[in-house]
Amino acid sequence: MRRDVTWGDFTAMAALRLEVALAAVTDAEGRSTPGRHASRSGALAGTCRLLHQYAGRFGPLAHDPLGIDEDDVARLRGNLDALGRALRDEAAYASPERDPVSRHIADATRFLAFGSDLLASHHGPAGQPRSPYAAYLNSPTVARHVIAETAELASTAGRLAARLGQSSPPSRDASDSRFAARRLAGPAVLIEQAAIGIHRGLNAPRPANPAPGLTHLPVAVTAPPPPVRPGEPRHEALLAVATGADWLAAHTARKTAERPSTIGELPVIADHTAAAHLLSARLLEHTSSLLVPDPGTCDALTSAAHTLRAAAQAWRRAADSWKQAALRSAPQISDPHFVREAEFAGVRLGRTLFSDGWTHRDGTRRTPRAPQDIVATRTDSAALLAAVHAVPAAGQVLAEHTPWIAAAAVEHGVLLSSDLAHNPRGGTPADQFQDRWTRWYPALPQQVVPVTAAYNAARQASGAAQSAVARAAEAAGHPIGRAVLDADRRRTLGFTGDPAHDARRVNAAAARTRSGTARGPWESVRPPGRRAAELAREVGALHPHRGRGR
């Protein structure tokens, strides 16, 4: 089964390339040639530039038991900038001559650039959300994780820069060589000190992984999969269910940043989401004997199917809540792609369970396929579990953001009501014969309270179903990396079901991120004397060749 490339993949590959380059430079005998020194210095300058950007992409860190000292972050960023300038000067010393070491460093720079682009894909040009993970990336927890990873990579880059200075070409004047070595070693030692301070903050009072889900973060989904077509291969259909669910969640998050024009599609989408949860439960129940060969672990699948059915009922109530509250808008539907993708997810799941020509009009009373026709290989099992997991994951995002959209629709007068009990011109038969009486009127904030409560119940039900499906997939031997990300996102954001409260928290985090750690100019920043001596001892203990002045 195809696996999405994640941010953790890019950072791991960048770290590996830097370690390989450092080992090659350390094990090399003698000094490098001028061309190789220039090529290596230029490539490492690009690495430092990207690490400098990584360290400055978040605003001030929130103070809590996992807090990181802002001065350590400032020192890390300032000395990365100073080291990058020194390396660019070294790169101008001669014409570049590519070699394996410089290629490894250039690969590390490219992987860091890919990781930076992946993080940026979740926000628009003005910081608006482009995926449901945008608010997660704005959280202080994720900021600390990114800075901790940056500090680790910067420490390796600093050690590599110091080794490049020590192996500078012999053709230079002796005093120039010593000056180059000192100029590269100075910021490198300060970067190491800042990295130690950052990781000390993360490990006190207890060791912690700030954002375990971040390593599983994929690029934001900006385009839906192709429409359903006759004869679509089952493996492609299940992959399209997962991709379509991701697009639905991302599109919902994007709609919260727009002025609403209608809410007509929201009840329809809730209906399709309920059907997708129910079909997912049926698929797990029907194929459980093939998904989990060991009968002792079937309880996880049974529990997952039960929670999916409960989530389907909660979504059915959410769809009915619009009708019960007598709410509507004009035009009825202004975003047909939104509705179509929600429908396609259910159609693909239904065709996987029943037959190739199944539609929602056929219902769920038809005879399903034989289980072995649905799950023939382990690849089919993994694809099926990933598709089923994507349904409650997207449902949770839909339930989180729909109350925001409804509240914005009330604020802008888009949401209309025909409930006589709240009609400002009266609801008795006599009032209806008065001048200027209208059946439809702008809805009041209190009229969406039942809708908000119904979606809050759907959010909790989908969250429980998502966790249960993740446990079932792990029991079946197909752990889903995205499940770790979604669980971490849910825990980090901590949605309460109150749209006003949740919106304030998310907007405050976004504003903090946009504020940036503005300090400058970015010169080589040294810590206070006592802290410098303390950190220098740790550097000397970790890297004896770095603890002595040159």
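**Note on side-chain pairs and helix packing**

1. Asp362 has a relative accessibility of 33% and so counts as partly exposed. The model is a predicted one. The partner of Asp362 is Arg366, and the two side chains form a salt bridge with an N to O distance of 3.2 Å. Arg366 is likewise partly exposed, at a relative accessible area of 36%.

2. The total for the model is 20 salt bridges. One of them joins Asp107 to Arg17, with 3.6 Å between the closest N and O atoms. This pair ties together distant parts of the chain: Arg17 lies in helix H1 (residues 7-27) and Asp107 in helix H4 (residues 100-120), a separation of 90 residues.

3. Arg36 and Glu97 also meet in a salt bridge, at 3.8 Å from N to O. Which accessibility class does Arg36 fall into? Arg36 is partly exposed, its relative accessible area being 35%. Glu97, at 36% relative accessibility, is partly exposed as well. The cut-offs behind this label are 20% and 50%, partly exposed being the range in between.

4. Salt bridges also form a network, whose members are Arg229, Glu232, Glu236 and Arg348.

5. How many aromatic pairs does the model contain? The count is 6. Phe111 and Phe114 make up an edge-to-face pair, with ring centres 6.4 Å apart and planes at 75°. Both residues are in helix H4, 3 residues apart, which means that about one helical turn separates them. Residues three or four places apart in an α-helix point the same way, because there are 3.6 residues a turn. Is Phe111 buried or exposed? Phe111 is buried, at 18% relative accessibility, a value to be read against the cut-off of under 20%. Phe114, at 41%, is partly exposed. Ring pairs join Phe10 to Phe111 and Phe114 in a cluster.

6. A further edge-to-face pair consists of Trp315 and Tyr455, with 5.7 Å between ring centres and 90° between planes. The partners are 140 residues apart and connect distant parts of the chain, Trp315 being in helix H10 (residues 298-324) and Tyr455 in helix H14. Trp315 is buried, with a relative accessible area of 1%. Tyr455 also counts as buried, at 1% relative accessibility.

7. Helix H14, which carries Tyr455, covers residues 449-475, 27 residues in all. From first to last C-alpha H14 reaches 39 Å, close to the 39 Å expected at 1.5 Å a residue. After H14 comes Gly477, which has a positive phi, near 85°.

8. The last point concerns helix packing. Two packed helices are described by the angle between their axes and the distance between the axes. For H3 and helix H6 (residues 140-166), the axes come within 11 Å and cross at roughly 35°. The crossing is left-handed. Which residues of H3 meet H6? On the H3 side they are Val73, Leu76, Leu80, Leu83 and Leu87. Their counterparts in H6 are Ile147, Thr150, Ala151, Ala154, Gly158 and Ala161.

Notes: Residues numbered from 1 in each chain as written. Predicted model: local features only at pLDDT ≥ 70, side-chain atom pairs only at ≥ 80, totals over all residues. Heavy atoms only, no water. Salt bridge = Lys/Arg side-chain N within 4 Å of Asp/Glu carboxyl O. Helix = DSSP H or I, 4+ residues; strand = E, 2+ residues; numbered from the N terminus. Buried < 20%, exposed > 50% of the residue type's maximum accessible area, 1.4 Å probe, protein only. Expected span 1.5 Å × (residues − 1). Phe/Tyr/Trp six-rings, centres within 6.5 Å; stacked < 30°, edge-to-face > 60°. Axes fitted to C-alpha atoms, helices over the stretch in contact; angles between N-to-C directions. Left-handed = near helix turned anticlockwise from the far one by under 90°. Contact = heavy atoms within 4.5 Å.
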